[in-house]
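Biologist: Could you take me through the surroundings of the ligand in this model? I would like to know what lies around it and which contacts are made.

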Amino acid sequence: MAEGLLAVRGLSRSFGGLQAVDAVDLDLRRGQLLALIGPNGAGKSTTVNLLSGVLQPTAGSVALAGAHLTGLPAHAVARAGLVRTFQNGRLFGRLPVLENVLVGAHARCASGLGAVVFRGAAFRREERALRERAQELLAGLGLGADAHREVRELPYGQQRKIEIARALMAQPHVLMLDEPAAGLNSGEVEALIAYVHALRAAGLSILLIEHNMGLVMRLADRIAVLNFGRLIAEGTPDDVRNDEAVIEAYLGRRKPKQTADAAH
Ligand SMILES: Nc1ncnc2c1ncn2[C@@H]1O[C@H](COP(=O)(O)OP(=O)(O)O)[C@@H](O)[C@H]1O
Ligand SMILES: [Mg+2]
């Protein structure tokens, strides 16, 4: 059986009177893909923010390969090897694609962006190796020819790929993808699925946060389902597909008076 890598226990976060994440347990095994799904407002993004140190939990613990991450700030979590992408990308639009990807190499350094900007002679050889690696990642994503273009010139779907390349530059133990398919057209979604599948096949451990159930069914080893902050199911795609509470949680959001939400 695959080894436990990321263990989340009793993770909770409230905002005033609202319990956005309520005693959530998650287990990601090494080399597997765990999907965290749920309708809008279920608490997915809050969970990602708690896991990545952007938000602090009101209760619970997070451990990566046995090391406690609970309460650490975001840069320390990334340095420990838990690296995320953002649902709404944070790219530098006026910088070339390659430079944006290189920023990721420094996500695990305390010096952060400064190390990219103020590089001295001693760093040149390492920098060349990093550039080669960034170029390889871009080639793998079909962006090899776009490395020197400004990010803002590329279509949205390509920009989302740059975010993934940037996260991979940090050589994460766990890659956390926050709704990577959001805003992509169907062709772009297919390309994304193939790429995530390849990362998983290469042995990367992935936590995929996604609203679209069809997409995760094709990628996940296991699926955890959130609804109103609570875990309502956890299991294989087949378990979850047939789970009545899950079906109800998703179908319940499609009642006529809530169609605006269902379209999201
Ligand atoms: N910073 C915040 N302050 C107050 N309420 C929040 C905040 N962030 C999220 N929420 C609320 O927490 C709940 C879960 O939100 P979120 O984690 O964004 O859900 P999801 O990503 O699954 O759509 C929602 O009811 C949302 O309105
Ligand atoms: Mg969200």
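Modeller: Gladly; here is a close look at the ligand site. This is a predicted model, where local features need pLDDT of at least 70, side-chain atom pairs count only at pLDDT 80 or more, and totals for chains, interfaces and linings use all residues. Residues are numbered from 1 along each chain as its sequence is written, chains are lettered from A and ligands numbered from 1 in the order in which they are written, and side-chain values use heavy atoms, with hydrogens and water left out.

Around ligand 1 you will find Phe15, Leu18, Ala20, Pro39, Asn40, Gly41, Ala42, Gly43, Lys44, Ser45 and Thr46, each with a heavy atom within 4 Å of the ligand. By class, five of these residues are nonpolar, five polar and one charged; here Ala, Val, Leu, Ile, Met, Phe, Trp, Tyr, Cys and Pro count as nonpolar, Asp, Glu, Lys and Arg as charged, and the others, Gly among them, as polar.

Now to the polar contacts, meaning pairs of N or O atoms within 3.5 Å. The side chain of Thr46 has an N or O atom 2.6 Å from an oxygen of ligand 1, and for the side chain of Lys44 the corresponding distance is 2.8 Å. Gly43 takes part through its backbone, with a polar atom 3.0 Å from a ligand oxygen. On its own, ligand 1 has 560 Å² of accessible area, and the protein covers 58% of that (Shrake-Rupley method, 1.4 Å probe).

Strand S2 (18-29) and helix H1 (44-51) are the elements giving two or more residues to the shell, and H1 gives the most, with three. Both are DSSP runs, numbered from the N terminus: helices are H or I with at least four residues, strands E with at least two.

Notes
A polar contact is a pair of N or O atoms within 3.5 Å; within protein, one must be able to donate a hydrogen and the other to accept it, and residues adjacent in sequence count only if both atoms are side-chain atoms.
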